[in-house]
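Please keep the sequence and the model at hand while reading.

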Amino acid sequence: MLNKIYEKIKRFILENYKFLIALILIVVTLTYEFPYVVYTPGGIVNLENRIKIENDIENKGSFNMSYVTLRKGNLPSILLSYVIKDWDLIKENEITSDNESVDDLLKLEKLYMNSSIDNATILAYQKAGKNINITKNINNVIYIDKLAKTDHKIYDKIVSVDGNTINTIDDLKEYINTKKEHDIINFDVLNNDKKATRKAEVIKIGDELKVGIAFLTTYEYDTDPSIKVKTKSSESGSSGGLMLSLAIYNKLIDTDITKGKKVVGTGTIDIYGNVGKIDGVKYKMLGAVKNKADLFICPEENYEEAIKVKKEHKLDLKIISVKTFDDVIKYLEEN
């Protein structure tokens, strides 16, 4: 029985080997990833559908997060980038650090997204006068300088520094300033849930004492009313923070500040309400127009670029620039 099956397979291969070789070559050619990425216009995410707050009220308008579509550089996407006007081909090393792959970048962007959700939630609850209790700060190492003399690893979670609790990057800076150049600082960390001790020598960069690492803070907290924020595995990055904070805030208060409008935007947010610059404003604006946005909100630092894109593409889109969460609330309440 097995011999008959083997003979049939063998005969099929011998009779069709040219076709099979051609098929394999086509598949390899179309799926092989070159050291490029392609940025393309994205779309919008209606955040009303992503946020569930206990006893919330459905609003007529909506806050929407705009996004960029990032495609890996295989042959079809590269060829299309030469044909489609707003598909932009970029070398992989222009968006990644040394020895960092696109997959590494995406993993880091996931961490940025988690931090962004935490910042947005904390800010919105505080601004709405609702109860939120931060129970834990988690400081995740996201960068190690070339000049650093340390055995830290990316994604270490800092538990303590020389036995002291460090809540913010400013706390770490203050502690380092009590030391002298070449002093050794001990970090207790978790990496993949395993305890470890890292050492870092205090070095001088310019006129400042440093240890050559940077970390991103995520939080654990309790809220009243309770909240759930849904995300997709394909989503990452921190640029949706501003819109998420507005959407959460709008569900916590008694009035609908969208006033029935489809409000689309982008921008990072910190727990103090400061709005930060983002990349890819062109692709996000094109996605907003495609989805018939009534208003597009962007960080002040991106406004000049946004106006340029609006003129070049002749977009029918109202754009406002903001520096803070409060700037947006004031505009929406007055317009």
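A residue is called buried when its relative accessible area is under 20%, exposed when that area is over 50%, and partly exposed in between, using a 1.4 Å probe and protein chains only. By this rule, 42% of the 335 residues in the protein chain are buried. The model is a predicted one, in which local features need pLDDT of at least 70 and side-chain atom pairs count only at pLDDT 80 or more, while totals for chains, interfaces and linings use all residues. Residues are numbered from 1 along each chain as its sequence is written, and side-chain values use heavy atoms, with hydrogens and water left out.

**Overall make-up**

The protein chain has 8 helices and 17 strands, these being DSSP runs numbered from the N terminus (helices H or I, at least four residues; strands E, at least two). Among its contacts with a separation of 6 or more, 73% are between residues 24 or more positions apart, a contact being heavy atoms within 4.5 Å. The accessible surface of the protein chain comes to about 19600 Å², and carbon and sulfur atoms hold 50% of that surface.

**The second largest pocket**

A pocket is an open set of points on a 1 Å grid over the protein atoms alone, where a 1.4 Å probe fits and protein lies on both sides within 12 Å along at least five of seven lines; lining residues have an atom within 4 Å of a point. The second largest pocket has a volume of about 550 Å³, and its lining consists of 19 residues, of which S115, N119, L216, T217 and D270 lie nearest its centre. Elements that give two or more residues to this lining are α3 (102–127), β5 (131–144), α4 (169–176), β11 (213–224) and β14 (268–269).

Strands β7 (residues 184–191) and β8 (residues 194–201) run antiparallel and are joined by 8 bridges, where pairing requires at least two DSSP bridges. D188 stands opposite T197 in β8.

**Backbone details**

Most residues other than glycine have a negative phi, and most peptide bonds are trans. Which residues take a positive phi here is shown in the table, including N192 in the hairpin, which has 2 residues between its strands.

| Residue | Phi |
|---|---|
| N192 | near 55° |
| Y155 | near 75° |
| H182 | near 85° |

Y155 is located in the loop between β5 and β6 (157–161) and counts as partly exposed because its relative accessibility is 23%. H182 belongs to the loop between α4 and β7. A cis peptide bond, with omega about 5°, joins D224 and P225, and P225 is found in the loop between β11 and β12 (227–229).

Note on methods:
Grid points are joined across faces, edges and corners, and a volume is the space filled by probe spheres set on the points. Accessible areas come from the Shrake-Rupley method with a 1.4 Å probe; for residues, only the protein chains shown count as cover.
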